[in-house]
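The exercises below are meant to be worked with the sequence and the 3D structure open side by side. Try each task before reading its solution.

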Amino acid sequence: MILVGDHANDPHVRAVADQLPANWVVALDATRQAEVVRRLDLHRTVLTDMAGGMVEVSGDSPGRGWIRRLAPAGWDQGVMLGGHAAAVLSSRLTLLAAILRDPSVSWVTSVDDLFPAENKLVQYRAALTAGVRVPRTLITPSPAELADELGAEFIMKPLGPGNFEDRDRQHVVYTRPVRAGELAQADLLDAPFLAQEVIAARRHLRVVTVREQVWVTELDATGLPVDWRRDAAAHHAFTVAEAWPEVERAALRLTAALSVGFSSQDWVVDDTGPVFLDLNPGGQWLFLPEAVTGPVARALAQWLAER
Amino acid sequence: MDLYRLLADTPHTLPQQADPPQPSEPSRPAPRPSPTTRITMTVETSDEERSGALLGSVAP
């Protein structure tokens, strides 16, 4: 079993690893290959497991794996493109990519399905095809066109990361309503964002899927900002929800359309009903109620342990 | 001005659920031409990793 993520610092990786015997479990990411990779040739890969023993992955000894994160957040911070450090990190990623594409390993979500599934626009197209309601979405260099199509106020979401560091300070782009006039001095395609209609959310839903299993949790949106992450208490206020069977079915249609075996999804519910906002094939779930966190980790571990 | 500069806040702490995108696989850099040699075009027949040229960029 191969767990791709930062076992030392990521509680999600530990939550799954703790369900599995240390022997036969490999914890690996792009920063730990020197410790874990023993040998790779064209027929087999030999890795060090968490008990210090050797695990061989080959056609005669296939395995299963789960990708949480290829490398820790910030692992390439400050690295200059084209420089020596960049070349080192690039070579590590390429080796990891080869391990992830070993035909002897079956993945919860393969790396080649993971990357497109992270793309919001790919998600929305898949959602529409699956009959899932999504916000009106538009990318254009014209603020006036955004206002014409989405309303006087609309949401701007980055297509890139939601935060960045500049001059030793962290900056976060929260989801919030904006008006066309605020964007007049910006080049909207320099760092492309997608624009969406504002959805008047009554409830936020966080939906977690593992293969064919699904868990729905909800958060009352009353008094919360559009981006509930700005409210510290909201991070621990989700409760288990059992009143959304249509969301459960839709969430699984979406994961099937995107070929992802794990997802952490964001939905909202307005006066019309549920609306899909985002899916993360490597997303977090440990901030949710314990009635969900344990079963999710066990579901992942059980699939990994099957032969 | 880009939209990151325009719309970003500077909170004291990052939100817990700020999982950044996965690092994308590197693409092969274009060969630097020698000033004394003619440039020849090569066809990369099996390179899948063309996108995501920037380390740490949004996944393709």
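**Exercise 1.** Decide whether A:His235 is buried or exposed, and find which backbone oxygen its side chain reaches.

*Solution.* Start with the accessibility: A:His235 has a relative accessibility of 3% and therefore counts as buried, where buried means under 20% relative accessible area, exposed over 50% and partly exposed in between, with a 1.4 Å probe and protein chains only. Finally, follow the side chain of A:His235, which reaches the backbone oxygen of A:Arg229 at 2.9 Å.

The model is predicted, so local features need pLDDT of at least 70 and side-chain atom pairs pLDDT 80 or more, while totals for chains, interfaces and linings use all residues. Residues are numbered from 1 along each chain as its sequence is written, chains are lettered from A and ligands numbered from 1 in the order in which they are written, and side-chain values use heavy atoms, leaving out hydrogens and water.

**Exercise 2.** Work out which residues of helix H5 (residues 120–129) of chain A are buried, and what they pack against.

*Solution.* First, list the buried residues of H5(A): A:Lys120, A:Gln123, A:Tyr124, A:Ala126 and A:Ala127. They lie on the same side of H5(A), because they cover an arc of only 165 degrees around the axis, taken from the directions from the helix axis to the C-beta atoms. Then turn to the face directed away from that buried side, where A:Arg125, A:Leu128 and A:Thr129 are exposed. The partners of the buried residues include helix H4 (111–117), strand S9 (153–158) and helix H7 (245–258) of chain A, contact meaning heavy atoms within 4.5 Å. Last, inspect the ends: at the start of H5(A), a side-chain oxygen of A:Asn119 comes to within 2.9 Å of the backbone nitrogen of A:Leu121, and just after H5(A), A:Gly131 has a positive phi of about 75 degrees.

**Exercise 3.** Determine the strand order of the open sheet of four strands in chain A, and name its edge strands.

*Solution.* Read across the sheet: the order is S2-S1-S6-S7 (chain A), with parallel pairing, and two strands pair if DSSP finds at least two bridges between them. The edges are strand S2 (26–28) and strand S7 (105–107) of chain A, each pairing on one side only. As a detail, strand S1 (residues 2–4) of chain A is joined to S2(A) by three bridges, with A:Val4 opposite A:Leu28.

Terms used: Helices (H or I, at least four residues) and strands (E, at least two) are DSSP runs, numbered from the N terminus. A polar contact is a pair of N or O atoms within 3.5 Å; within protein, one must be able to donate a hydrogen and the other to accept it, and residues adjacent in sequence count only if both atoms are side-chain atoms.
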